[in-house]
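Me: I would like to go through a structure and ask, for each label, what it rests on. Please set the value against the definition each time.

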Amino acid sequence: MASPRPNTFPVAPLRKGIIARDMALIAVCFVLMALFIRLHWVIDFTIFCILVLSFDLLYGFMGRLSFGHVLYYGTGAYVASLVLAHLSSNPFLAIAAGVAVGAALAAVLGFIVMQTDGAPFALINLAFNQIGFWLVASGFQRYTRGEDGLNTTAGAVGFINFTNHSIAFGFLLVCLLLVFLLLKVLTLSPYGVTIRSIKENDDRVKFLGYNIFFYKWLTFVLSSTVAALPGTLFAIFYGFVAPTIISPFGNVEVIFAVLIGGAGNLFGAIIGGVVYKLMSNYLATSITRWEMLLGILLLIWVFKFRRGLTGYASELILRFKRKQGVEA
Amino acid sequence: MNLLEVMGIDVAYGYAKVLHDVSLKLQQGEMVFIVGRNGAGKTTLLQAISGLLKPTAGRIIYQGQEIQGLPAEKLARQGIRFVAQDKKVFSDLTVKGNIELASYASGEDLGRAIDRVTSLYPKFSEFLGRRAGGLSGGQREILLIGRALVGAPKLLLIDEPTEGLAAIVIEDIFRILNEMKKEKVSTFIVEQNLSIVSRLADRIYIMKEGKIIKEMADRAEIGETAGLESYL
Amino acid sequence: MLETLIYGLTIGAILYFFSIGLSITFGTMQIVNFAHGMVYSVGVYLFITFLPWLGKFFPFALALAVVAMLPVAFLVERFVIRRLYGESLDYAIIATYAVLLIGADLIKWVWGAMPQPVSDPLRISVRFWEINIPLYRIVVFLSAVALFLGLRAFFNRSIVGKIVIAALEDRPGVRCLGLDVNKYFSIVFVIGSGLAVLGGVLYAPIATAEPYMGFHILLVAFAVVIVGGMGNLTGTFISAFVLGLVIAITARFWSQAADTMVFAVMALVLLKNSLLAAWRRLTGMAARTG
């Protein structure tokens, strides 16, 4: 549904200075958090934020809600674990394998899944996610150890040793920044304009001569491939994966995070990811009725704060600027 | 007192304004036509009066009360009936089922409602059990008008009744509208068939690009279809 | 094998009771209603609570549970579903999912997280060709058939049913006759919810109640509705039984795959058009480059 209000984050030319500034801002914030909050929570945030960013590309920019995004995250995690367990203890190999398999899976499934839209799209992804979950928990039990989960250890490469939390954090933060950079460049490019237009109105873009199926498929593959990355990072850092990592219920967390922060501008994904994880860590440990609270908050967000924190921030900034303009 | 008075309404879809400062009136018992090219905003005007759309500015006064922005079902209960351009009937129901809904909604006795409709088109009494989706375009329009007349409405809004119909059928519609005119049913009709317009209209409004550009009340002037055409 | 088939038909019957409300809500309001699972699960837990109060008299407890949930369903429709009508699908999904989540936690809070078994109220078996079939399962199956016929009659003959059918096709047309479509869709929504509770209670003696039961049946119900066609009454009836049989038969041969097989079927159905189109695209592409 196109809203009549102009998009408050218009597509801007590729201004390298601004992107560098954004990245520096994110880096500083995360480092500060690492100093003041338990490091291993911040590591958790970082991994989650990359996942949420990947979802933002598909949902925030192209407007397609999938209930099965976590499938690729889990795939990355399991493939990486299997590589570490059976092939090599080189973590980079594990990461590469996890991402590659995720990409291949997304390429095949994306071809099928992108033929649908709306509710069927959400549900068909859920179906594939559920099938993946079952394969991991039962079907491929022989390899994945099913419900028991898979233990692995990642070896060190050069100075990058994942058992050292500070180094691990540094590595993960670099990954986050690189993913942010990649997505920022993509979304500011003509490709980005095209997928935003697809979000507004499929048919019009088609009539302009674009092969929208290709763009939709490509976005799905990119989004899912990027989702596999944090999966591999999770496997390497925690050294343990269990079927819950690929459970369809995990999609709620990602969707919620994107909603809180505001969809479609990347910052929102990061802010939402951090806020959600903070909430779930603090609240889950102190409030037993945590899920009920999450449900109530979700309702409030849908009815009152739909545009998320970044949406309201941008509105405030606009209002402030307008006031300035009037006074000047 | 006018039955209906539209005062300076604007209607917009998002940022696109479709009606600009439109004003009209209708007195009890009049049959007034609205004429204009495609895209002039005629359908939008009827939809605003019927309550399907909300004007962004201006007022609509019906029986002395402001009704702009009120929902369609409420206005229908107050006696306004709208027959849409697409000639959509409830195709999964029977002809009788279609009439039944109208009778239930208006509180009129079903038998009486059926009589009303079959008096417009006697063949309907044979078709009562037939699925409404199987009717021809002309039959559907007649069913829709019949449905709208159930419960004796006070104001009828009809959007392009003869559009897409064959000449013979158009004459049937003309006959029905003529009967309605004789019975002094207050009606606003959007119509592009100028022959019908010139034979039936008490008054005409001509619309162009979302505005009323002319009102004609003189019977002689209306009778001249050539004159009307020059305005389109 | 006959036992498996009977089991499949029983599951199918339960699925039908649950899915019909979901299907209708999608047809009338274009909304995927996750909260349907909440009404179902809370209703079953209420039934379990009422049962001992009413001297273990199954039908009374059943009726009471259904009646207790009707106002809840109405509130969900009025304050969540209706507000999201016409909006982007995502918000409806998220909001109704939130209601489901709240419901599951509520159950855990009030009743605890342990599964609750319910015993077969009839405890009679019928003999068919050397197999004992619990009479209860036959009753459940017949109830579903009765429901199907009842709903057909409702939609074809009652005025409310006709209004809903008309409004599904031409909402403005119904409004312009003076009928408040929201009110009628609301009625149908509440009926659908009541049927879900009914289905849940009928299922309780066969399965155990647990706080996340709403989620689990919802997933399968989506498959039923998609395979049967959203808003298609007859389609839902058929697909409920087909998928029930799929579950039962898969469970017989490969027990862990039972639920997942349903998704495979749903994927195939959803994609039969897409797979055909994809195939044509692929072979079309091959033809162009070749």
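Me: Where is the place of A:Ser66?

Reply: A:Ser66 sits in the loop between H2 and helix H3 (70-86) of chain A. Helices (H or I, at least four residues) and strands (E, at least two) are DSSP runs, numbered from the N terminus. This is a predicted model, in which local features need pLDDT of at least 70, side-chain atom pairs count only at pLDDT 80 or more, and totals for chains, interfaces and linings use all residues. Residues are numbered from 1 along each chain as its sequence is written, and chains are lettered from A and ligands numbered from 1 in the order in which they are written.

Me: Why does A:Ser66 count as buried?

Reply: A residue is buried if 20 or more other C-beta atoms lie within 10 Å of its own, exposed if 12 or fewer, and partly exposed in between, with C-beta atoms placed from the backbone. A:Ser66 has 26 C-beta neighbours inside 10 Å, so it counts as buried.

Me: Which residues is A:Ser66 in contact with, leaving aside its neighbours within four places in sequence?

Reply: They are A:Leu58, A:Phe121, A:Ala122 and A:Asn125. Contact is defined by C-beta atoms, placed from the backbone, that lie within 7 Å. A:Ser66 and A:Lys216 are 150 residues apart in sequence and 13 Å apart in space, C-alpha to C-alpha.

Me: How many residues of chain A are in contact with chain C?

Reply: 31 residues of chain A are in contact with 35 residues of chain C. On the chain A side, helix H4 (91-113), helix H5 (118-139), helix H11 (250-261) and helix H13 (290-303) each supply at least two residues. H5(A) gives the largest share, 12 residues. By class, this side has 23 nonpolar, six polar and two charged residues. Here Ala, Val, Leu, Ile, Met, Phe, Trp, Tyr, Cys and Pro count as nonpolar, Asp, Glu, Lys and Arg as charged, and the others, Gly among them, as polar.

Me: Which residues touch the most other members of the largest nonpolar core?

Reply: Of its 280 residues, these are A:Leu53, C:Phe17, C:Ala223 and C:Leu243. Helix H2 (residues 39-61) of chain A supplies the largest share of this core, 15 residues. Such a core is a set of buried Ala, Val, Leu, Ile, Met, Phe, Trp, Tyr and Cys residues joined through C-beta atoms within 7 Å. Beyond its neighbours within four places in sequence, C:Ala223 is in contact with C:Leu243, C:Val262, C:Phe263, C:Val265 and C:Met266.

Me: In chain B, where is confidence lowest and where is it highest?

Reply: Confidence is lowest in helix H10 (residues 225-230) of chain B, at a mean of 70, and highest in strand E7 (residues 155-159) of chain B, at 96. The mean pLDDT of chain B is 91, and 98% of its residues reach 70 or more. Where pLDDT is low, the predicted coordinates should not be read in detail.

Me: What makes E6 and E10 of chain B edge strands?

Reply: Strand E6 (80-83) and strand E10 (211-216) of chain B each pair on one side only. Pairing requires that DSSP finds at least two bridges between two strands. The open sheet has six strands in the order E6-E7-E8-E3-E9-E10 (chain B), with mixed pairing.

Me: How many bridges pair E7(B) with strand E8 (residues 187-190) of chain B, and in which sense?

Reply: Four, in the parallel sense. B:Leu156 has B:Thr187 as its bridge partner, and B:Ile158 stands opposite B:Ile189. E3(B) and E8(B) also run parallel, joined by four bridges.

Me: What shows that both faces of E8(B) are covered?

Reply: B:Thr187 and B:Ile189 on one side and B:Phe188 and B:Val190 on the other are all buried. In a regular strand the side chains alternate between the two faces of the sheet.

Me: Why is H1(B) described as largely enclosed by the rest of the structure?

Reply: Nine of the nine residues of H1(B) are buried, so the helix is largely enclosed. Among them are B:Lys42, B:Leu45 and B:Ile49.

Me: Are B:Gln63 and B:Glu160 buried or partly exposed?

Reply: B:Gln63 has 15 other C-beta atoms within 10 Å, so it is partly exposed. B:Glu160 has 22 C-beta neighbours inside 10 Å and therefore counts as buried.

Notes:
pLDDT = per-residue confidence, 0-100. Contact = placed C-beta atoms within 7 Å.
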